[in-house]
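Here are a few notes to read with the model open. Could you follow them in order and check each against your own view?

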Amino acid sequence: MCEKRRSYLLRTHGQAIQRSAGGFPLRPQQRRPPTAPFQPQRSPNPLPFLSFDVNSAAASTSFSSAPHFPSTAVAGGIGAAGFDDEPPLLEELGINTKQIYQKTLSILNPIRVNHHLHEDADLSGPFLFLIAFGLFQLLAGKLHFGIILGWMTMASMFLYVIFNMLAGRNGNLDMYKCLSLLGYCMLPIVMLSVLSLFVPRGGYVIMALTGVLVIWATRVCTRLVVELANCGDEHARLIEYACFLIYMLFSMLVVF
């Protein structure tokens with residue numbers, strides 16, 4: 001009797017539980033395995049912006065398509081332009097070494113001066129002579145680079161003003177040509193600075209050399225100015241006196 005009642009109660013309790021669950025039999029609950037937190041998918045290449053396909057890169061940079069450069073061939077089949085066709089550097093700078101050499105040789109002959117060589121004025125030779133003069137003075141223990149360049153500029157202005165005042169409107173001696181002529185005629189004074197290194201100072205020998213070389217430079221410069229400038233013959237003595245003062249001034253740097 002008790003067993004029948006117990007089974008009846010269990011059956012009734014099971015039916016009540018099924019009604020509360022919607023009429024479906026209950027299933028035993030299964031434990032789900034724990035899932036890892038969300039992580040982004042990693043690329044096999046740590047630097048994706050540097051990734052490239054070797055095959056595609058090789059195809060794009062194949063040597064079959066060589067770079068094309070603009071053609072430099074001259075029309076008419078003359079040839080290609082290159083560095084061989086460019087003028088030398090000294091020629092681009094306006095320095096004519098052959099002309100400087102010929103002008104220097106013309107100064108060394110005070111009796112017959114070729115004035116045609118000095119019609120084309122330049123400052124390369126005069127600058128070379130002035131630098132040489134300063135270097136020889138430096139060997140003598142005198143630093144006169146600034147004095148030499150300043151005096152040469154003032155001397156050129158002095159000769160330019162004197163000649164144009166004498167010649168008036170007929171004078172054609174410009175400042176550039178004055179610098180060129182006075183600079184090239186500095187060669188005897190440069191020779192004086194060289195000889196002064198081997199001659200005792202304050203003696204008769206250095207005084208005699210100074211007089212000879214100053215007269216040499218004065219004669220050559222006067223002859224060139226008279227030949228190259230208009231109306232030079234009329235004022236030759238005045239021009240000679242101005243040139244004598246200029247070169248005597250430079251010789252003082254050597255003697256004293």
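1. A term first, for the pocket below: a pocket here is an open set of grid points with protein on both sides within 12 Å along at least five of seven lines, and lining residues have an atom within 4 Å of a point. Keep in mind that this is a predicted model.

2. On to the pocket itself. The largest one has a volume of about 200 Å³. Its lining consists of Pro110, Ile111, Val113, Arg219, Thr222, Arg223, Val226, Ala236, Arg237 and Glu240. By type, that lining splits into 5 nonpolar, 1 polar and 4 charged residues. H9 and H10 each give at least two of the lining residues, and the largest share, 4 residues, belongs to H9.

3. Now have a look at helix H7, residues 175–184. Since 7 of its 10 residues are buried, H7 is largely enclosed by the rest of the structure. The buried ones are Lys177, Cys178, Ser180, Leu181, Leu182, Gly183 and Tyr184. Among the elements covering them are H4 (97–107), H5 (124–139), H6 (145–167), H8 (187–195), H9 (204–228) and H10 (236–255).

4. Then there's the largest nonpolar core, with 43 residues; Phe133, Leu159, Leu182, Met186, Val225, Tyr247 and Phe250 have the most contacts inside it. H4 through H10 each supply at least two of the core residues, with H9 giving the largest share, 10 residues.

5. Which residues does Leu159 touch, leaving aside its neighbours within four places in sequence? Cys178, Leu182, Val225, Ile239, Ala242 and Cys243 are in contact with Leu159.

Conventions: Residues are numbered from 1 along each chain as its sequence is written. This is a predicted model: local features need pLDDT of at least 70, side-chain atom pairs count only at pLDDT 80 or more; totals for chains, interfaces and linings use all residues. Side-chain values use heavy atoms; hydrogens and water are left out. Buried means under 20% relative accessible area, exposed over 50%, partly exposed in between (1.4 Å probe, protein chains only). Contact means heavy atoms within 4.5 Å. A nonpolar core is a set of buried Ala, Val, Leu, Ile, Met, Phe, Trp, Tyr and Cys residues joined through side-chain atoms within 4.5 Å. On a 1 Å grid over the protein atoms alone, a cavity is a set of points where a 1.4 Å probe fits but cannot get out, and a pocket is an open set with protein on both sides within 12 Å along at least five of seven lines; lining residues have an atom within 4 Å of a point. Grid points are joined across faces, edges and corners, and a volume is the space filled by probe spheres set on the points. Ala, Val, Leu, Ile, Met, Phe, Trp, Tyr, Cys and Pro count as nonpolar, Asp, Glu, Lys and Arg as charged, and the others, Gly among them, as polar.
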